[in-house]
Each structure stands twice: as C-alpha cells, then as structure tokens.
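Hello,

Here is the structure I promised to pass on to you. Have a look at it first, and then read on for what I found in it.

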Amino acid sequence: MTSNRHTLGSRTDEDVLLDAARDCVLAVGLRRTTLTDVARRAGVSRMTMYRRWPDMATLVADLMTREWGDLALQAQASATGRHTRERLVDGLTGGARGLRDHPVFRRIVELDPEVLLPYLVDRRGTSQDRMLAALLVTIAEGHADGSVRPGAPELLGRGLLLTLHGFVISIGTMTDQVTSADLDSELRLLLDRYLAP
C-alpha cells in the first residue's frame, strides 16, 4: 500500500480519511474503531488524524454528515413529480428508504444504536440542520406553485423531519406483519396529505 504520510489539505484527501473511517465502521462497528485504526487503513500517521479530529465522536459526526448528505442529494435529484409537493414527497420517501438501506447506517443500528440517540432526543446534528434548510427552500417553492399548504416553513419542515425519524429509525419494530415497502407507501400518503393544500 502506498503511504499518504503527508499533511493532507484538500477535500479529496479528507474524503480518503472518511472512506477509511467508513471501511473500519463497516468492518468492526463504531465502538471497536479507533483513530489509529482509521489512520492505519488510510495509510497516514495518527497525528494526521488527530489534527483533523480530536476523537472518534467528531470523526463519526463528519462521516455521518458526508454519507447522509450525499444520500439526501441523490434522493432529491432523482425525485419525480408534476409539482413541488410530489417531488418533495418522492424525494423524502426515497431518502428514508435509502438511509435505512445505507450500509453505514445499518451497521450503526445493528451494533451501536446508542450513537443515534442524542440526535433523536437531545439535539440536531449537522445532517439534520442541512436537511431542514433544504426543506425550508423546497416548502417555499411549494407555497409559490400552490402545491404545499400554507403554513410556516419552519413548522412544516420540522414536522416532516420528526415524521421521517420514525420511518427511518423505528421501522424495524413495525415490520412483523407488514413489509417496509408497505410502510413506505404509508409514509408517502402521510407526507402528501400533511403537505396538501
């Protein structure tokens, strides 16, 4: 393996480190991954890692932000519909399904679900803030074309995110007699009726 033991300064180099972190998490889970493991996998010194991330918590936060952010952009880009509300509902439903199926998310839920708890009961993370900001813009577009009901975008956006939390995090508790595809159909209906004028 070629060594990257130099001061990394570009976004591409950060992605190499985050890719190594992702690979470690997929291999052994969050609790068993250390900054040293990530450095070794990336072929950099431990100090390179510690200069960027003082601990695994900050590295994992950046990894989740990148992974979930990319997924949200892909879901939004592939959303279809005649008007803003339909595209928003399609993108949110597809994004929820994509997040549930994402290998890093699945690994965290399987091995280290407590990592997600602060983002559900204590504070929003960067990914949630970015998604909320994007929702506010899209809701305003829906107001402009008349496809989204009147209401404060800040309130509607937060209602959407709270709904998605359940369909992403807790869906496994509800698939004993129905499938996740059935529940995705219900999510689509729920979101559409919530937003409809």
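Before the tour, one term: helices here are DSSP runs of H or I with at least four residues, and they are numbered from the N terminus. With that in hand, please keep in mind that this is a predicted model.

Let me start with the whole chain. The protein has ten helices and zero strands, so the order of elements from the N terminus, by the DSSP runs, reads α-α-α-α-α-α-α-α-α-α. Its C-alpha atoms fill a box of roughly 55 × 40 × 30 Å along the principal axes. Of the 197 residues, 38% count as buried. The exposed surface comes to about 10,800 Å², and carbon and sulfur atoms supply 55% of that area. Among contacts with a separation of 6 or more, 68% join residues 24 or more positions apart. As for charge, there are 25 positive and 26 negative charges, and their mean positions lie 3 Å apart.

Next, a spot I would look at in the viewer. His83 sits in the loop between α4 (56–78) and α5 (84–101). Is His83 buried or exposed? Its relative accessible area is 18%, and because buried means under 20%, His83 counts as buried. Leaving out residues up to four places away in sequence, His83 touches Asp145 and Ser147. Ser147 belongs to another loop, the one between α8 (126–145) and α9 (153–169). Ser147 is buried too, with a relative accessible area of 4%. Which residues does Ser147 contact, its neighbours within four places aside? They are His83, Thr84, Arg85, Gly142, Leu195, Ala196 and Pro197.

In α2 (residues 35–42), the buried residues are Leu35, Val38, Ala39 and Ala42. Seen down the axis of α2, these residues fall within an arc of 100°, so they line one face of the helix. The general rule behind such a pattern is that an α-helix has 3.6 residues a turn, so residues three or four places apart point the same way. After α2 comes Gly43, with a positive phi near 75°.

Helix α6 (residues 103–111) has Val104, Phe105 and Ile108 as buried residues. Down the axis of α6, the buried residues again fall within an arc of 100°, so they line one face of that helix.

There is also a record to mention. An unreviewed UniProt entry annotates residues 34–53 as "DNA-binding region". Over residues 34–53 the model is 75% helix and 0% strand, with the end C-alpha atoms 11 Å apart.

Val16 lies in helix α1 (residues 11–28) and is partly exposed, at a relative accessible area of 34%. From the C-alpha atom of Val16 to that of Arg124, 108 residues apart along the chain, the separation is 26 Å.

I hope you enjoy exploring the model.

Best wishes

Note on methods: Residues numbered from 1 in each chain as written. Predicted model: local features only at pLDDT ≥ 70, side-chain atom pairs only at ≥ 80, totals over all residues. Heavy atoms only, no water. Helix = DSSP H or I, 4+ residues; strand = E, 2+ residues; numbered from the N terminus. Buried < 20%, exposed > 50% of the residue type's maximum accessible area, 1.4 Å probe, protein only. Arc of directions from axis to C-beta. UniProt positions renumbered as here; feature names shortened; annotations may be inferred. Contact = heavy atoms within 4.5 Å. Areas by Shrake-Rupley, 256 points an atom, 1.4 Å probe, with all protein chains shown as cover. Lys, Arg positive; Asp, Glu negative; His and termini not counted. Charge placed at Lys NZ, Arg CZ, Asp CG, Glu CD.
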